[in-house]
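The entries follow in the order in which I looked things up.

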Amino acid sequence: MSEESTARPAPPGQGAPPPDPPRRRRRTGRRGIDLPLVVLGAMIVLLCAVLIIPLVGLVWAAFGPGEGFGGGEPSLDNFRTVLSSDGLTGTLLRTLALGVGSVVVMLVIAVPLAWLYTRTDLRGKTVILFLAAAKMAIPGFLVALGYIFMFNPSNGIINTWWGELGGSGPLTDVYSLKWIILLQGLDFAGPAFFMLVPTLRVIDVNIEEAAAVHGIPRWRAAVQLLLPIAAPAIAGVSIFFFIVAVEVFDYAGMLGMPARITVLSTLIYQYSQGTTGTPEYGNAAAIGLGMALAIGLIMFGYYRAMRRANQLATVTGKRAAREPIRLSRRGRRAGYGLIGVYALVGVALPVLMLIWASLLPYLRPPSFEALGELSFAAYTDASYDLAEVMPTTLLLVAVVPTAAVAFAACAGWLVTRTTLKGRRGLDVLIMMTLAIPSIVMAVSFLYVGLSTYRWVPLYGTAAFLALVVACRFVATAYRTLHGTMLQVHSELEEAAAVSGIRRGRTFVSVVLPAVRGSLVYAWFWIALLTIRELTITLILSSDGTDVMSTRIFGYSSAGETSLSAALGVIQLGMITVLLIAFCRVARRQSF
Amino acid sequence: GGDAGSGSGPSAGGGKLPSSLKSLSEKASKEGKLRLFVSTDSRTPAHARKLSRALHADTGVNIDITFVSGEPDPSFANKLVQESKAQVAPSIDVFATTPLVVKQLSGAGLIQQVDWGSMEGVDANDIWTQYQGIYIAEIARTVLYNTKAVKAADAPKSLEDLLTDKWRGKIVTAGLPDVFSPLAAGLGVDKMLDFVRRLLEGDRASMASVPTAIRTQVSSGEFPIGYGIRIGESQRAAKAPVDYAPIKVPVVPRAGLVIKGAKNPSAAQLFLYWLNATDEGRKKAFEVLDWPRYTTPGTDLHALAQKAGGVMTADIDWWMNDYEKANRQVAQLLRK
Amino acid sequence: MIELEGVSKSFVQDRNRVPALRGVSLSIGKGEFYVLLGASGCGKTTTLRIVAGLERPDTGTVSIDGRQVFDHTAGTWVGPEERPQAMVFQSYALWPHMTIRQNIAFPLRRGVRRAAKDEVAARVDEALELFRLTEQADRRVTQLSGGQQQRVALARALALRPKVLLMDEPLSNLDAGLRMDLRLELKELSRRTGITCLLVTHDQEEAMMLADRVGIMQGGGIVQEGAPDELYNAPASEFVATFLDHMNLIRSASVTAGDTDGAEITASGQRLRLGPGDHRVGTTLTVGIRPDDVVIVVDPLSGSAPATNLVTGRPIDHHYLGGHFLHRVETPFGLLNVRSPIGPDRFASGTVCLQLPAERLITMASARPAPESAEHGEDEPDRAVPPAGSARQ
Amino acid sequence: MIELEGVSKSFVQDRNRVPALRGVSLSIGKGEFYVLLGASGCGKTTTLRIVAGLERPDTGTVSIDGRQVFDHTAGTWVGPEERPQAMVFQSYALWPHMTIRQNIAFPLRRGVRRAAKDEVAARVDEALELFRLTEQADRRVTQLSGGQQQRVALARALALRPKVLLMDEPLSNLDAGLRMDLRLELKELSRRTGITCLLVTHDQEEAMMLADRVGIMQGGGIVQEGAPDELYNAPASEFVATFLDHMNLIRSASVTAGDTDGAEITASGQRLRLGPGDHRVGTTLTVGIRPDDVVIVVDPLSGSAPATNLVTGRPIDHHYLGGHFLHRVETPFGLLNVRSPIGPDRFASGTVCLQLPAERLITMASARPAPESAEHGEDEPDRAVPPAGSARQ
Ligand SMILES: Nc1ncnc2c1ncn2[C@@H]1O[C@H](COP(=O)(O)OP(=O)(O)OP(=O)(O)O)[C@@H](O)[C@H]1O
Ligand SMILES: Nc1ncnc2c1ncn2[C@@H]1O[C@H](COP(=O)(O)OP(=O)(O)OP(=O)(O)O)[C@@H](O)[C@H]1O
Ligand SMILES: [Mg+2]
Ligand SMILES: [Mg+2]
């Protein structure tokens with residue numbers, strides 16, 4: 001692979017041209033070896049290997065016995081079980097509605113926010129960054145609980161007020177699909193913001209300048225010029241979150257299960273609970289496999305739609321670093337309005353809920369009576385936990401994003417910057433890993449880690465954990481970088497090629513620096529996700545490799561909400577520190 | 001039943017272990033460490049410290065206890081099994097769990113042989129001989145009510161009460177099989193299934209996604225009645241407006257196991273002995289670990305059993321064999 | 001129509017503020033065709049962008065069509081969308097996801113100054129026709145050659161029929177033929193429609209041909225302004241002189257004699273007569289002559305040879321320019337560029353005799369006289385372009 | 001040094017294959033300076049990119065420095081980084097995240113043809129000096145003006161001391177002065193170092209001045225090739241004639257008489273004498289004359305006025321070009337462009353008498369004679385540029 005990618009233009013009708021003859025290699029000696037390209041190739045091979053593991057695990061488990069992974073004849077039992085589950089059509093339709101709906105909610109919030117952040121001179125726009133990041137610190141179940149306290153039909157605070165004001169019946173019932181969609185969409189808006197910012201940021205200001213001098217209003221330029229140019233990235237991000245939406249259990253569980261609103265993630269949850277408590281990986285895997293196939297189809301459609309995306313490159317050697325154009329007064333007001341609404345609905349309420357929960361001995365809705373019992377006791381207890389989980393948590397936060405971004409950058413390069421046959425395959429492979437339920441992924445790695453333990457005793461170490469979590473996030477990082485790399489004009493590489501710079505070196509010294517802002521963004525937000533990552537760490541962490549998120553989850557599922565919320569607040573603090581560091585880096589580098 | 005004669009231990013005076021355990025306690029001291037799997041009922045490191053101190057105060061043995069928590073018992077057991085196949089040293093010493101998981105571990109040969117019977121003060125009834133386990137705690141599926149929303153007099157008095165129209169739409173429970181299956185210990189499988197079917201039909205009960213949400217939603221007043229979980233330790237401490245309805249409810253026994261290949265087998269044995277056979281140990285099991293036994297006075301389960309006139313339970317054979325079947329049948333019902 | 005008053009602008013580069021414009025004032029009348037001419041990096045594009053509203057000046061005021069669009073003190077600001085303008089960018093700035101036709105039609109359909117529906121198609125077709133793009137109209141702009149892209153940019157701007165048309169080197173990527181045609185078109189268009197045009201170029205011929213008035217920029221300021229022939233015939237400074245048509249300069253010439261016919265100067269020990277003019281004996285001047293105006297005296301000894309202002313030099317090299325040659329000749333006055341149809345074969349002897357006709361000699365003050373340029377001489381933004389006339393000889 | 005043999009290339013546009021090059025063959029000797037000249041969209045950039053290895057031809061062979069780098073049939077392919085070249089892009093293609101110095105140094109440090117450590121600094125400094133970029137050396141390239149960027153691109157290419165230097169309109173964004181200087185530098189450099197240069201331009205003067213040999217491209221093929229003066233004095237086709245210096249064409253002129261002194265032709269009922277040459281009576285020709293060569297006879301009735309090849313016309317308009325004017329005159333031969341220092345005030349009468357000196361008339365075959373161009377006439381890639389000479393008059 002590494003040699004083949006030295007081919008620049010695709011030779012018509014055949015694969016990559018033959019690798020360079022060894023004769024010249026020898027003649028040019030050390031300089032003949034494109035070391036970065038070798039590393040790049042190795043990284044991609046490693047990535048493929050690592051990504052294939054859970055995929056194989058998925059297939060294996062899907063065709064294995066219900067408990068999964070056991071031996072036995074391959075059978076279709078799991079599919080039968082899944083297909084015969086009650087109301088499958090309804091479940092699928094609801095899941096579709098949930099996926100599409102939450103992606104729409106997400107786009108409606110994240111795209112304008114990302115636009116405001118990257119393409120306008122809105123004062124104080126950095127606050128968006130804080131909002132989006134803060135949201136990620138809060139466990140979904142707590143958010144859900146907060147909204148249950150507000151809007152549950154029996155004694156939800158707001159519903160009660162509504163009743164007192166003379167409204168008939170509850171104002172709204174939080175146990176409904178529309179709330180699941182709304183809250184899940186809100187939840188995605190933050191991550192989506194982080195994925196979209198890099199792409200929007202690198203698009204040449206010229207696009208808007210040309211629009212402005214021809215009398216096209218800013219919003220229209222944004223909608224009709226910027227959006228189409230960013231379309232490949234936005235579509236990619238949408239697909240990404242569609243897949244995630246199908247899998248996330250927080251809201252579907254907390255708000256859907258009480259009202260018996262079944263979606264695929266509830267099914268996966270039920271199967272992974274099993275009848276006797278032993279997870280039925282097989283059934284979960286069957287669903288995951290179905291999803292993976294669906295993703296393959298979606299990606300196929302994506303490619304058809306984005307055929308010409310590579311011609312939209314706008315990062316050229318020409319002047320690019322311009323200040324954004326000024327927003328009109330009305331635009332500014334609308335911008336602040338949007339940020340305000342997002343801050344209030346998406347962030348303020350959950351954050352307040354988190355803090356409230358951390359100060360109460362047991363969880364209950366806000367009231368004056370409860371106010372009297374606030375205490376910091378939970379923080380004292382939590383501080384013991386901190387000492388235990390910090391080393392591994394910090395290690396993961398340092399290693400996982402770095403590894404994921406490195407993998408994703410290599411893969412992104414292969415897919416967007418070469419004409420190698422089969423590069424699309426890698427793209428699809430990466431996206432397919434999203435379809436693998438986390439639990440199946442974790443267990444696949446558990447098996448691989450254990451079966452190779454005799455030769456490589458990695459299993460049980462923090463490094464192994466980091467590798468697997470990084471693998472989980474490659475798709476995320478990849479989605480973030482893919483869009484930006486598409487924006488890099490091929491002339492930059494061509495200029496390097498005619499100057500005698502080899503492809504690997506060009507990648508390291510031209511392509512990567514050209515998108516380095518995005519690398520930092522991707523790194524940062526994967527660090528955020530790593531702090532939050534749960535299932536994999538839960539399953540793969542063992543003695544001494546406990547992390548923050550598993551503690552938070554553990555306490556919350558044991559009903560120790562105050563402890564878990566206290567840890568959540570601490571986590572929020574960590575994220576804030578990370579964010580400040582990030583902002584400083586971003587400012588210094590003036591991306 | 002799993003009843004055990006209480007207070008027969010020699011340690012009433014505290015600080016001393018029977019002399020027959022001398023060598024064990026010496027070995028345990030030498031090991032000085034213990035890793036205890038506490039399942040999903042996450043206990044904090046602070047708790048672990050408290051427990052260590054109590055153990056030391058009571059027995060004079062100094063053991064540094066750490067908790068391992070996270071996954072639910074069955075999947076953790078599953079992992080242990082896989083690890084042992086790959087010859088990875090187990091990451092815990094003590095596993096305290098319910099019958100089905102005991103069976104799973106025992107089937108995989110993961111349980112260390114311990115001659116519990118030879119230890120002074122251990123009730124023979126507390127020993128799951130075939131499985132090398134020792135009875136230490138119970139999981140209870142209780143009925144809770146919100147004391148602000150429901151007067152004590154109005155609280156349901158029986159499971160049947162829950163099915164009346166009075167509580168229609170006011171009950172919260174969780175849709176997991178093992179929330180309901182223990183009922184079969186007292187009601188028999190058919191009656192249990194019938195109960196579940198009726199409880200879940202229509203809009204009678206709402207389903208929380210996790211059992212712990214039940215008590216939060218009851219204490220917050222969103223639902224006056226909850227079924228499926230005990231009152232939380234912090235709720236008890238903070239006097240949350242929840243109480244048990246005086247209904248006889250099932251308790252699932254929990255046994256402690258020493259894992260084969262454990263790094264600290266003696267400490268594990270000693271610790272389990274302490275939890276089971278000494279008064280102080282039993283008390284701390286409830287106070288620190290929140291692992292009560294309804295036979296131990298001072299625990300919430302003891303009070304409930306007094307109020308309701310006992311608990312539903314069965315002998316170990318039933319738990320090991322029939323319980324699993326009941327579980328499957330409920331699971332099937334729940335998935336409908 | 002366009003008024004700039006004391007406009008300055010500096011950019012932040014690695015924490016320093018580097019001035020790009022220093023107090024530029026400019027006034028362009030309605031329907032006028034104004035051309036900014038200047039060396040690379042002198043601030044032409046920046047000026048244009050300030051007029052367009054793409055850059056905010058640090059000081060000064062800008063008004064377009066009688067309306068103040070920027071005032072530093074009053075805080076006035078009108079966004080670029082609101083200004084009655086269109087612009088052609090140096091880098092084209094086409095919208096890459098659209099076809100040529102869409103690029104042209106988009107502002108007409110969706111802009112603030114949109115046209116009636118049925119008119120849009122007509123105007124787009126007209127613009128396509130004008131810039132000979134009809135055949136490719138439905139091709140993506142990313143598939144076009146550089147010159148084609150430039151034409152699309154022009155078509156897009158003109159189709160909007162703006163009151164003010166701003167152009168940043170709009171013809172630099174076109175071939176001579178097309179360029180000449182488009183120049184004629186542009187000129188004709190501005191005449192016919194009365195559009196006020198502000199064009200930036202580095203091509204002197206273009207400036208001369210198109211402009212009603214030319215402004216010469218140097219180091220962030222306008223150093224001379226005037227009608228093309230005015231500038232051409234009476235450059236106010238050495239910079240302007242050399243910038244226009246690469247004039248040869250003879251420095252430190254002192255006026256040694258003067259009568260009614262003209263003065264006589266001495267430079268590098270050689271005497272030259274000047275054409276009529278008022279020069280005080282004893283002053284020091286700079287004298288310039290264009291490469292075209294130097295006459296090569298092929299046969300200096302023949303009777304028909306002129307007698308005055310002759311100088312002998314050693315030709316350094318010769319460059320064919322198509323029909324005529326550029327000779328560089330080392331003379332006592334320094335290196336002179338001579339453009340002439342006479343080829344190097346005619347003076348193979350190693351020396352050549354040149355005549356600098358008196359009536360072709362242009363005089364200017366010796367030190368760089370324009371106060372702006374003198375002021376900025378030390379730290380002009382683009383020091384790379386050497387001070388007037390030094391490196392050009 | 002560079003050999004192209006039957007190279008074709010077509011691009012896919014909306015499912016159609018649109019030919020951009022049609023069997024181009026080209027041979028450039030070692031140390032030669034070859035210039036490709038052609039209208040916008042004729043395939044110049046594509047040719048250059050094929051030489052550079054950035055585009056894969058559909059057919060043909062390419063070899064550089066004696067080594068075959070592409071052969072369609074044999075499947076040979078040498079990547080761009082392995083070819084001993086450097087290139088200047090039309091859009092500069094600077095690396096936006098680097099400073100000027102880093103842009104220049106990067107290929108020297110990291111490329112296949114890297115230089116020794118201590119040499120790198122020296123070469124970078126030299127390049128900076130040459131292109132007058134020393135002062136800005138540590139600025140980000142995105143902060144530079146268009147012209148500055150172009151110089152960086154040139155500096156980067158030259159610092160590499162390539163065997164082959166490919167340049168795509170490297171001077172189009174520079175002002176006249178700088179452009180002239182850099183032309184001289186480039187020429188000097190190619191002489192001194194023996195670099196083989198292939199330059200693409202649309203500027204005829206540039207081509208003439210720099211080239212050892214010029215190739216004129218049209219519609220994806222080379223229609224004429226030769227030394228600058230050869231092309232200038234004997235264009236083989238109407239296209240070449242008009243493309244170079246905007247020649248006036250007089251079509252369908254039939255030879256009506258001939259003697260040893262020259263032939264006589266008749267076009268549009270007017271008779272013209274030609275200079276010496278061999279023309280058979282009865283053939284139909286196209287006759288061309290350059291705008292510079294048309295003489296304005298200010299006072300046609302005076303005795304000193306020439307007697308032959310006079311034609312009267314009606315001036316349409318006049319354009320000042322700096323020192324001289326471009327007049328467009330409607331005559332029986334069509335619209336003639338006349339470039340002359342004589343201003344419009346000298347013939348205000350409404351008609352003007354022009355002389356077309358016999359020795360300045362250039363004849364060429366009437367139909368478009370170059371087989372390539374005839375062949376492709378119907379579907380040349382860039383139909384927008386009208387067929388030779390029709391729209392230019
Ligand atoms: N965004 C920017 N940041 C920093 N410096 C800048 C920026 N834009 C322009 N400059 C500097 O300001 C000066 C004027 O630039 P400008 O683009 O106006 O020049 P120009 O006259 O258009 O030159 P050219 O003919 O080469 O295009 C230059 O020295 C340039 O380097
Ligand atoms: N990537 C591409 N896809 C499709 N068509 C292309 C592509 N590149 C060039 N063309 C077409 O090929 C033809 C030749 O283009 P080329 O860029 O070689 O022209 P050029 O001679 O360099 O013109 P200019 O002087 O305007 O730069 C043009 O018609 C152009 O539209
Ligand atoms: Mg400019
Ligand atoms: Mg080109």
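What pLDDT does chain A average, and what percentage of the residues score at least 70? I began here since this is a predicted model, in which local features need pLDDT of at least 70 and side-chain atom pairs count only at pLDDT 80 or more, while totals for chains, interfaces and linings use all residues. Residues are numbered from 1 along each chain as its sequence is written, chains are lettered from A and ligands numbered from 1 in the order in which they are written, and side-chain values use heavy atoms, with hydrogens and water left out.

Entry on confidence. Chain A averages 79, with 87% of the residues at 70 or above, where pLDDT is the predictor's confidence in each residue, from 0 to 100.

Entry on the magnesium ion. I found ligand 4 coordinated by OG1 of Thr45(D) and OE1 of Gln90(D), at 1.9 to 2.4 Å; donors are N, O and S atoms within 2.8 Å of the metal (3.2 Å for Na, K and Ca), and because water is not among the atoms, sites may look incomplete. Thr45(D) lies in helix H1 (44-52) of chain D and Gln90(D) in the loop between strand S7 (85-88) and helix H2 (100-110), so the pair ties together parts that are 45 residues apart in sequence. Thr45(D) is partly exposed at a relative accessible area of 26%, whereas Gln90(D) is buried at 16% (buried is under 20%, exposed over 50%, partly exposed in between, with a 1.4 Å probe and protein chains only).

Entry on ligand 1. I noted 23 residues surrounding ligand 1, the closest being Gln13(C), Thr45(C), Thr46(C), Arg139(D) and Gly147(D), with a heavy atom within 4 Å as the criterion. Chains A, C and D all contribute residues, so the site is shared between chains. A polar side-chain atom of Thr45(C) lies 2.4 Å from an oxygen atom of ligand 1, and a polar backbone atom of Gly43(C) lies 3.0 Å from an oxygen atom of ligand 1.

Methods. Helices (H or I, at least four residues) and strands (E, at least two) are DSSP runs, numbered from the N terminus. A polar contact is a pair of N or O atoms within 3.5 Å; within protein, one must be able to donate a hydrogen and the other to accept it, and residues adjacent in sequence count only if both atoms are side-chain atoms.
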